[in-house]
Amino acid sequence: MGTIRVRNNGNRLRYDARTYPYPTWGAALAVTLAEVAAACNVSTSTVSRALTDPEKVNAETRTRIERVARQLGYAPSRAGRSLVSGRTDTVGLVVPDIANPFFPPIIKSVQARARDKRYAVLIADTDEHVADELELARGLSRQVDGLILASPRTAPAELTRLAQQLPVVFVNREVEGAGSVVIDENEGLQEAVEHLVSLGHRRITYLSGPRRSWSNQQRRDALAAACTANDVELRELGPFEPQIQAGMRAADLLQSSEVAAAIAYDDLIALGVMSRLTERGMQVGHEISVIGIDDSPLSTVTHPMLTSIHVPAAELGSAAVDLLLDQLRDPDLPPQTVKLETRLVIRGSTGVAPTSFK
């Protein structure tokens, strides 16, 4: 059989028709195992073993096959590997709302870490429909090796059952018997309360998030503990969905209360509050102080800029991929929980408490 010669003209690959009995193509085509085998003058099965189970091929032949495969630009088919190994080299990611600025950094970091580990990522968005969460997760599970669920709202027993059925890691949610990457809310909220106390605030309102949100409960508990430790009165309004429009509704309730400091469940609610209060002529940062949680990019494009608790969203995603791949390598590993710390980022939306509120 003749030798395959490949000419690389920029991004255009051409096979020499004099030595390979097929027509010349104008654009690059996927190189097959058969073409690598022909170039090496060995069987297709030998090439397959050399590239997928190298210990079964002698070193000299294996080295030659690997060199030629690189020269030809051979890329193994993900589908073909799946048929042989039963693995897809793909992970699934389910998020509640891809438009919420909290989730894009998680998505990007999951994709980046997975790509480094030679995995692809399939993403599903529940659009905050809790009832769709498990259905989407189970649908993805048929196409992937394992799942990452970010901020799931499903009941704990159902999530535990899911973790018993397939490799899964939960982000921003602790689930019994499953791997999790979560945020330690305590440090950031303690700093937030201390910051407000230093400005003379003695009463704080928490604008709570969705009822079924696990992180909302964690934030409420951490804030209550920080207020107790600093002898601060804590009030609560809500629940509110993580949306700017919900924050505008929260502002109407907040303005009628006797409180000049608010900590919102997330930045979107906080930004809605600021927009509404500014619209009504109030000076945020002077007449009222507002703090968000997430430290999203939107927190720096408002006036004044939003004081917010920084959540390491990118680290959440990369740590979740690492935990999931550990599970795939060794299913007998006991489940682990990784906790990431938060911190307060002070900007212009907080200020000295008005005299009547001190």
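Start by selecting R153, in the loop between β5 (146-150) and α7 (156-165). Keep in mind that this is a predicted model.

**Stop 1: R153 and its surroundings**

R153 is an arginine to view with its neighbours shown. Its relative accessible area is 7%, so R153 is buried, the cut-off being under 20%. Follow the side chain of R153 to the backbone oxygen of S151, 3.3 Å away. Now show the contacts of R153, leaving out residues up to four places away in sequence. Among them are P96, E128, V130, E133 and R173. The list also includes P210, R212, S213, P242 and Y265.

**Stop 2: Y265 and R219**

Stay with Y265, one of the residues that R153 touches. R219 lies over the face of Y265, 5.1 Å from the ring centre.

**Stop 3: the largest nonpolar core**

Select I263 and L316. These two touch the most other members of the largest nonpolar core, which has 65 residues. Colour helix α12, residues 313-329. Helix α12 supplies the largest share of this core, with 9 residues. In soluble globular proteins, nonpolar side chains tend to be buried together.

Zoom in on I263. Set aside its neighbours within four places in sequence, and I263 contacts L189, A192, L196, I204 and T205, among others. Y206, L207, L223, I291 and I293 are also in contact with I263.

**Stop 4: a pair of rings**

Which two rings make up the aromatic pair, F102 and which other? The partner is F103. The structure holds 1 aromatic pair. The ring centres of F102 and F103 are 5.1 Å apart. Their planes meet at 75°, so the pair is edge-to-face, for which the angle must be over 60 degrees. Both F102 and F103 are buried.

**Stop 5: cysteines**

How many disulfides does the structure hold? It holds 0. A disulfide is a covalent bond between the sulfur atoms of two cysteines. Select C40 next: at 3% relative accessibility, C40 is buried. C227 is buried too, with a relative accessible area of 1%.

**Stop 6: N58**

Go to the loop between α2 (44-52) and α3 (59-72), where N58 lies. Is N58 buried or partly exposed? N58 has a relative accessible area of 48%, so it counts as partly exposed. A polar atom of the N58 side chain lies 2.9 Å from the backbone nitrogen of T61.

**Stop 7: two cis peptide bonds**

Select G238 and P239. The peptide bond joining them is cis, with omega about 15°. P239 sits in the loop between β9 (233-237) and α10 (244-255).

Next, take H303 and P304. Their peptide bond is cis as well, with omega near -5°. P304 belongs to the loop between β11 (289-294) and β12 (307-310).

**Stop 8: two positive phi angles**

Finish with two aspartates. D127 is not a glycine, yet its phi is positive, about 55°. Find D127 in the loop between β4 (120-125) and α6 (130-141). At 46% relative accessibility, D127 is partly exposed.

D231 also has a positive phi of about 55° without being a glycine. Look for D231 in the loop between α9 (214-229) and β9. D231 is exposed, at 62% relative accessibility.

Definitions and conventions:
Residues are numbered from 1 along each chain as its sequence is written. This is a predicted model: local features need pLDDT of at least 70, side-chain atom pairs count only at pLDDT 80 or more; totals for chains, interfaces and linings use all residues. Side-chain values use heavy atoms; hydrogens and water are left out. Helices (H or I, at least four residues) and strands (E, at least two) are DSSP runs, numbered from the N terminus. Buried means under 20% relative accessible area, exposed over 50%, partly exposed in between (1.4 Å probe, protein chains only). A polar contact is a pair of N or O atoms within 3.5 Å; within protein, one must be able to donate a hydrogen and the other to accept it, and residues adjacent in sequence count only if both atoms are side-chain atoms. A disulfide is a pair of cysteine sulfur atoms within 2.5 Å. A nonpolar core is a set of buried Ala, Val, Leu, Ile, Met, Phe, Trp, Tyr and Cys residues joined through side-chain atoms within 4.5 Å. Contact means heavy atoms within 4.5 Å. Rings of Phe, Tyr and Trp (its six-membered ring) pair if their centres lie within 6.5 Å; planes under 30 degrees apart count as stacked, over 60 as edge-to-face and the rest as tilted. A charge sits over a ring if NZ of Lys or CZ of Arg is within 6 Å of the ring centre and within 35 degrees of the ring normal.
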